Amino acid sequence: MLQLSPDPEHEAGRRGAEALAAERGNLPWCGPAAVALASGCSYAEACALLRAASPPHYPATGEIVTAYWRDVVAALGMARVRCTPLPLSALPFSRRPTLIGLARRGGLEEGLYLVRVTGHFLLLRLHGFGLAQVHDNRLSGAVLSVCTHGLCRVTHVARLERALPQG
């Protein structure tokens, strides 16, 4: 079993896509990258967590190219990161919001969120007043804009809490 020690020093914004790419030798995939960035674990540990969350969905070795929402949430739980999914129906939108719309008009508190936009996982850090940063397999704290996934439609969102105490 993996011994993970989630650490706020390794939370999104402390490590970035560059560190994950250096671990792998090339650009990481978004599902494992989101797990690694949110939990502070390595990319390899994030892949192992996804495999443990749902062995039938992932190859025993090799690349994890496609991850599933429920498995990413489960992997974060195994890494002791509290992940609270928020129903899109509870947000003030008549249809799926864009990422910019979610950040500016979603009524969400400041903090860190796991977000799935069509075909992609990312972490969104909300600072208030519509200011947000994107952390994913390519971006490390980029200000949310049209060029940083801003117009992508949100399919899932969950609030992430700091790592739970070891015990």
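Predicted model: local features only at pLDDT ≥ 70, side-chain atom pairs only at ≥ 80, totals over all residues.

Q: What makes up the protein, in helices and strands?
A: There are six helices and six strands. Starting at the N terminus, they come in the order α-α-α-α-β-α-β-β-β-β-α-β.

Q: What share of the protein's residues is called buried?
A: Of the 167 residues, 47% are buried.

Q: Which residues of helix H3 are called buried?
A: H3 spans residues 43-53, and its buried residues are Tyr43, Ala46, Cys47, Leu49, Leu50 and Arg51. Each of them therefore falls under the 20% cut-off for relative accessible area. Their cover includes helix H1 (17-24), helix H2 (30-39) and helix H4 (69-78).

Q: Why is H2 called roughly perpendicular to H3?
A: The two helices pack at an angle of about 110°, and their axes are 8 Å apart. Angles from 65 to 115 degrees count as roughly perpendicular, so H2 gets that label relative to H3.

Q: How do you know which residues of H2 and H3 meet?
A: The test is heavy atoms within 4.5 Å. On the H2 side, Gly31, Pro32, Ala33, Val35 and Ala36 meet Tyr43, Ala46, Cys47, Leu49 and Leu50 of H3. By class, this contact has nine nonpolar residues, one polar and no charged ones.

Methods
Residues numbered from 1 in each chain as written. Heavy atoms only, no water. Buried < 20%, exposed > 50% of the residue type's maximum accessible area, 1.4 Å probe, protein only. Helix = DSSP H or I, 4+ residues; strand = E, 2+ residues; numbered from the N terminus. Axes fitted to C-alpha atoms, helices over the stretch in contact; angles between N-to-C directions. Parallel < 35°, antiparallel > 145°, perpendicular 65-115°, else oblique. Nonpolar A, V, L, I, M, F, W, Y, C, P; charged D, E, K, R; others polar.
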